[in-house]
Amino acid sequence: AAMAARCRLAARFHHIHGTNIRLDASHTQATRVESFANALCFSQEPLAPGQIFLVEIEEKELGWCGHLRVGLTAHDPQSLEVVPEYSLPDLVNMGDTWVFAISRSHNRVVVEGEEAQARGCPWEPFLLIARVRIPRDTLVGRSRPGRYSHILDDLYKMNVLPATARRSRIGVLYVPQPDGTADMHIVINGEDMGPSARGLPTTRPLYAVIDVFASTKSVRVIPVDYGFPSLQTLCRLVIQKHIVHRLAIDGLDLPPLLKSFCQHE
């Protein structure tokens, strides 16, 4: 229960962010309003071991090269005199920061001397990373409500769309190791990309870093339930159970934020 409460609290963006970022009222959506940089965001709270900070790509912007960048930092955002323009290399050069640039493909990390881990079946209910178990359904992107949304949903579940596509879900977490350090893992649409950084300190708080860079225009934090589901999640399940299609949610007499949560989560 304590883990679930902490995870829900951290599933928001920090009020400290880059100068080109605009947050919505719930601090769950981050949009870059101009240019292609100055778009760093951080998790509102440090992550717990094994806790994933998951975002969904909501908007893209043509004309820029490069995509979303994600990672972890031991710097408290509140302590930054100025938010760096870029995660790579500016924030990383400050030390105690590990950031991974997401590409359209080839995001999997293969460690020399180790066999590549077998990919879990997309229909398995949980993603297992060491001792961490995460509900896989939440990790896989969904289409916007529409006439052919069920077809797009199936494509995402099969993980055949690019990692940088709209509706793609990308998360970051750290997993403690026996030597007292931690490995950072990136998860893309329910698939673990492997340890993209090693030797992270577990004695300092680690915040998620999301750089809404270049062709990525807007992202939204997706809460992941650990243990008991939240009241918000239970409400969503009841509502979805009694409607024919997600498009019907628009006609319900519900608060806009709850409608959005029911349609897109």
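Figure 1. Phe36 counts as partly exposed because its relative accessibility is 27%; buried denotes under 20% relative accessible area, exposed over 50% and partly exposed the range in between, with a 1.4 Å probe and protein chains only. This is a predicted model, in which local features need pLDDT of at least 70 and side-chain atom pairs count only at pLDDT 80 or more, whereas totals for chains, interfaces and linings use all residues. Residues are numbered from 1 along each chain as its sequence is written, and side-chain values use heavy atoms, with hydrogens and water left out.

**Figure 2. Aromatic pairs around Phe36.** Rings of Phe, Tyr and Trp (the six-membered ring of Trp) pair if their centres lie within 6.5 Å; planes under 30 degrees apart count as stacked, over 60 as edge-to-face and the rest as tilted. Five aromatic pairs are counted by this rule. The pair of Phe36 and Tyr86 is tilted, because the ring centres are 6.3 Å apart and the planes stand at 35 degrees. Phe36 lies in the loop between β2 (29–32) and β3 (40–42) and Tyr86 in the loop between β5 (69–73) and α2 (87–93), so this pair ties together parts that are 50 residues apart in sequence. Helices (H or I, at least four residues) and strands (E, at least two) are DSSP runs numbered from the N terminus.

Figure 3. Phe36 and Phe213 form an edge-to-face pair, with 6.2 Å from centre to centre and 70 degrees between the planes. Phe213 is in the loop between β12 (207–211) and β13 (216–222), 177 residues from Phe36. Phe213 counts as buried because its relative accessibility is 8%. Ring pairs join Phe36, Trp64, Tyr86 and Phe213 in a cluster.

**Figure 4. Charged groups over aromatic rings.** A charge sits over a ring if NZ of Lys or CZ of Arg is within 6 Å of the ring centre and within 35 degrees of the ring normal. Arg69 lies over the face of Phe213, 3.9 Å from the ring centre. Over the ring of Phe126 sits the charged end of Arg133, at 4.0 Å from the centre.

**Figure 5. Strand β2 and its partners.** Two strands pair if DSSP finds at least two bridges between them. Strand β1 (residues 21–23) pairs with β2 in the antiparallel sense over three bridges, and Ala30 is the bridge partner of Leu23. Strands β2 and β13 run antiparallel and are joined by three bridges; here Val219 is the bridge partner of Ala30.
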